[in-house]
Structures are given as C-alpha cells and as structure tokens.
Amino acid sequence: MKVIALLVAASVSVAGVGTGQGVPLQPVRRAALGPLRVDSANPRYFNDGHGGVVFLTGSHTWLTLQDAGFTDPPPRFDYRRFLDFLVAHNHNFLRLYTWEEAKWTNEAKSPYWFEPLPFLRTGPGLAMDDKPRFDLTQLDPRYFLRLRERVAAAGARGIYVSIMLFNGWSIDQKSAPGANPWVGHPFNRANNVNGIDGDPYHTGYGRYSETLRVPGVAAVQEDYIRHVVDAVNDLDNVLYEITNEGDSTSLPWQYHMVYAVKRFERGNPKHHPVGITAPWPSLETNEALFASPADWISPDGRAGTGQLESGAKVIIYDTDHLCSPCTPPGFAWKALTAGLNPILMDPYLVADSGMGVAPPYRSDDPGYELLRKSLGYALTYANRVDLKRMRPRSDLAGTGHCLASTGADGEFLVYLPKGDTVTVDLRANPGPLRVEWFSPARNQVVSAPAVPGGSSVTLRAPLSGEAVLYLSGRRQVPR
C-alpha cells in the first residue's frame, strides 16, 4: 500500500511517500536475567544486572500457583498451557497468586476448595472444613516444591514472576456476595492446633492477621516467608509482593514484611525486588505506597499523572487495582509512554479456572485479546529502544502520550488514540529521524520517509484508528 505522510516543520511543508507495504511487527523477546534491581539511571524500570533495562508487562490470572474449584480435590490448573499463552502474546511477567484459605471464597457461595497450602494438616481434631487442623509449625514441602518449579518454568520461558506472599481476599469478605474465606483460614483459631487466633476481637474476619497486633501471627508469617525465600533465592526471575489488596490498616504490617524479606535475603547470594500493592477498599493510600520501603508498587486508579510519571518508584500498573474487570482503551500504550509497566488482570479461561466468576469477565472478549496483544507489542518496542534514556515527555507530542530521549540519537514513542495527525517537537533532536508507524488493531508496521530534526513536525498516520509513532535518530535499531 502506498502511504502519504504529511510533514510540516515550522513554515515548511514536506510530503513523503511510504517506503513499502505494511508488515507484521516482529516480536522482540529477551531472557529473564537478574536478579532485578531498580535502575539507577532511570528508576521507573528495573535493570537485569547485565546492562539491560527491563520493561515488565503481561497477564495474570487467579490460579497460577494453587488449584481451586467446586470439587474436592479441585481440578488441576494447566500451568504449562498458561505459560504457552503468555509466550504466544509476547508477555514477560505474571503474578503468582496465593490463596491462604483451604475452603470458601468471596466470589462463590458454594463450597470452594484450594490446594496446596503451606501448612501441614496433622490434627488432632478437625478444622471447620471437616479436615485435620493445621499445625502452623510444620510446613508442607509440596507447596514450596510447586512454587519453585513454577517460578523456574516461567524463567525458562523468559518470564519474570511476582510471588504473592499473602492475600487480603483470604481474610475478609470484602463486601463480595460469596462466602467468608476467613472460616477456612489456617489462622482462624478453630482451624489450627497452635492456639493462634488471627481474630482476637471476634469480628468474624481476619483483618487483624495483617497487622502487628496479634501475638504469634507475625512469627508464623515470617517463618513462612523465610521458607519461600529459601525455595527460590537462587532463581533470577523473582519478585515478591507482600499481599494482594489488604485493607489500609495493613500498611504498617506490609512495611514490616518488606523489611523481613530483605532481612532473610541479606545472608543469601541473591537479592530480589519487593513490592506492595494498592489496599482495597482503599482510603487515599497511594501516598503510603510511594513513601514505602518497597522497590516497586501498584497504586490504585486515583494516583495522579504527576505521581505516576515522577520516576519515584518502579510502578507495575495493574488493571486489577485500577478498574477490574476492564480493558481500558489504549492501556498498554498510555502506560508505556508514561514510563509505567502495565499488566492485565486476565479472566483467561474462566470455565477452566473454576473461579465461578460471572460476566462481565469474558476471556474471549475481543477487547481482552487486543489488550493482550498490545501488551506484547509494547514489550517489543520497549526492547527495541534505549529505555535507559527514555522519559515521559507529554510536552513533546500533541496527544500528550510520549516517551522520548533527546539528542542526535534520540528516540520517540508517541501514541495516537484516534490516529489522524500529531505534532512532535523535535527541536532538541538535530535529526534526521527515521519514521515508523504501527497499527495495533492490524498488527501492521509501515515505514515512511525520514524527517529532519531541529523543529516541530506534524505527521499523519497512514492507517485509520489508533496508531503508534516511532521516531529514531539511532544509527541502528534492534529488531
């Protein structure tokens, strides 16, 4: 297809003809090297310890570590198939979900089982699910073996894994219409042989187990963390997440556990990033995440643009804490151009997962598939550019969505939500710069004539609909 690019620089109008037919974007993947550490030059991202700046993006779903469902034992989750799915979409990150309860869930009123759990069920006596009570001093080797195997399998496929240590949805009903998961939790006094009571004030929930106010609970939690660290410390593709959406009262406890992970790793060969994620329900706590000792954070949807683009923390920008269930238009590209690491809370195969989640979660929805693919496309562009030098520069592009570096070898990634035209300020880039257009909906790359630097230019997308513009002054662009 012949393509016309309209270029307007100051008072000069330049017309160019596309250099060829559109072609599919060729994925660019990298090995999951590490351990990751916050990049000193551009702390929006991690560095892999081998000179590479890492853009994290991908999908995650509920049963990546444990099996769960309406039968006992629950159906086996096909983890290998899920890794194939991630690689097919060119993703490089997942959250390894942890569920703390043995039975019952927020999402379903019917009995719902989870296994394995970290603690052995030795009795004497029966827990509230009519199985032997837990001994919180004895950890189940099967759990830690599965954890290690799944992290290692992901690393072999070039995928980084955030290990979720605890889950706020396992201790509280969270106003959901299903059952109360605390009834099946090992820290419920009725369910263990150790006298541990995560609900000393008889509220009917386990919120106090994610505080430092209950004697004995933190010691058990730290012993479990130590075993997790021992199981995976030698692996490079590891990150840690303290808890998924605990409430705002858990934040001092989360800080404490961040330090605990770091303390346990101090004597080990490798040190991995530790993160905390948005509380739910949240009470204006994004500031507490930014002020935390965590290496990375996932804020909720009310974080302001200035906070997000500040570079104060590595931000894993998760739809789980923004609007889930949802497929925000342009999510991958708006996040990439803002210096964020976007990930999707993915329904994946709801029928297979057994989560009992009703619509609007639709794993076959075209919006989900376009978003999944766009995350992979965004990773390819992030791997092609010199990400260490790139900064969010909304002031340099008319759409406000721009990641750029300046100078003779500068680069620009600009997102056009509706396509059409965009004006880009190239005054700090002497040029010339190569021009490449990408249509996510079509997976089509179209090259156009180079543009001179030193002034502002206006360029028109060659294809209708949302578009990504890549400008490069580098002599060679990796593909």
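Helix H2 (residues 141-156) packs against H3 at an angle of about 45 degrees, and their axes lie 9 Å apart. An angle of that size makes H2 oblique to H3. The crossing of these two helices is right-handed. This is a predicted model, so every value here is computed from predicted coordinates.

Which residues of H2 and H3 meet? From H2 come Tyr 143, Phe 144, Leu 147, Arg 148 and Val 151. From H3 come Tyr 224, His 227, Val 228, Ala 231 and Val 232. By class, this contact of H2 with H3 has eight nonpolar residues, one polar and one charged.

H3 (residues 217-232) also packs against helix H4 (residues 251-266). Here the angle is about 40 degrees, and the axes are 10 Å apart. H3 and H4 are therefore oblique to each other. H3 passes H4 in a right-handed crossing. On the H3 side, the contact is made by Ala 218, Gln 221, Glu 222, Ile 225, Arg 226 and Val 229. On the H4 side, it is made by Trp 253, His 256, Met 257, Ala 260, Val 261, Arg 263, Phe 264 and Glu 265. The contact of H3 with H4 divides into eight nonpolar, two polar and four charged residues.

| Helix pair | Angle | Axes apart | Source |
|---|---|---|---|
| H2 and H3 | about 45 degrees | 9 Å | computed |
| H3 and H4 | about 40 degrees | 10 Å | computed |

Next come the cavities. Rolling a probe the size of a water molecule over the atoms shows where empty space is left. How many cavities of 30 Å³ or more does a search of the whole structure find? There are three. The largest cavity holds about 100 Å³ of space.

The lining of the largest cavity includes Thr 98, Trp 99, Glu 100, Pro 118 and Phe 119. Leu 165, Phe 166, His 185, Pro 186 and Phe 187 line the largest cavity too. Gln 221 and Tyr 224 are also in the lining. Strand S13 (160-167) and H3 each supply at least two residues of this lining. Its classes are eight nonpolar, three polar and one charged.

Most residues other than glycine have a negative phi, and most peptide bonds are trans. Where do the cis bonds fall? One joins Asp 72 and Pro 73, with omega about 5 degrees. Pro 73 sits in the loop between strand S7 (67-69) and helix H1 (79-88). Another cis bond runs from Gly 123 to Pro 124, with omega near 5 degrees. Pro 124 belongs to strand S11 (residues 119-126).

His 202 has a phi near 55 degrees, a positive value in a residue other than glycine. His 202 is found in the loop between S13 and H3.

Methods. Residues are numbered from 1 along each chain as its sequence is written. This is a predicted model: local features need pLDDT of at least 70, side-chain atom pairs count only at pLDDT 80 or more; totals for chains, interfaces and linings use all residues. Side-chain values use heavy atoms; hydrogens and water are left out. Axes are lines fitted to C-alpha atoms, for helices over the stretch in contact, and angles run from 0 to 180 degrees between N-to-C directions. Helices (H or I, at least four residues) and strands (E, at least two) are DSSP runs, numbered from the N terminus. Angles under 35 degrees count as roughly parallel, over 145 as roughly antiparallel, 65 to 115 as roughly perpendicular and the rest as oblique. A crossing is left-handed if the near helix is turned anticlockwise from the far one by less than a right angle, and right-handed if clockwise. Contact means heavy atoms within 4.5 Å. Ala, Val, Leu, Ile, Met, Phe, Trp, Tyr, Cys and Pro count as nonpolar, Asp, Glu, Lys and Arg as charged, and the others, Gly among them, as polar. On a 1 Å grid over the protein atoms alone, a cavity is a set of points where a 1.4 Å probe fits but cannot get out, and a pocket is an open set with protein on both sides within 12 Å along at least five of seven lines; lining residues have an atom within 4 Å of a point. Grid points are joined across faces, edges and corners, and a volume is the space filled by probe spheres set on the points.
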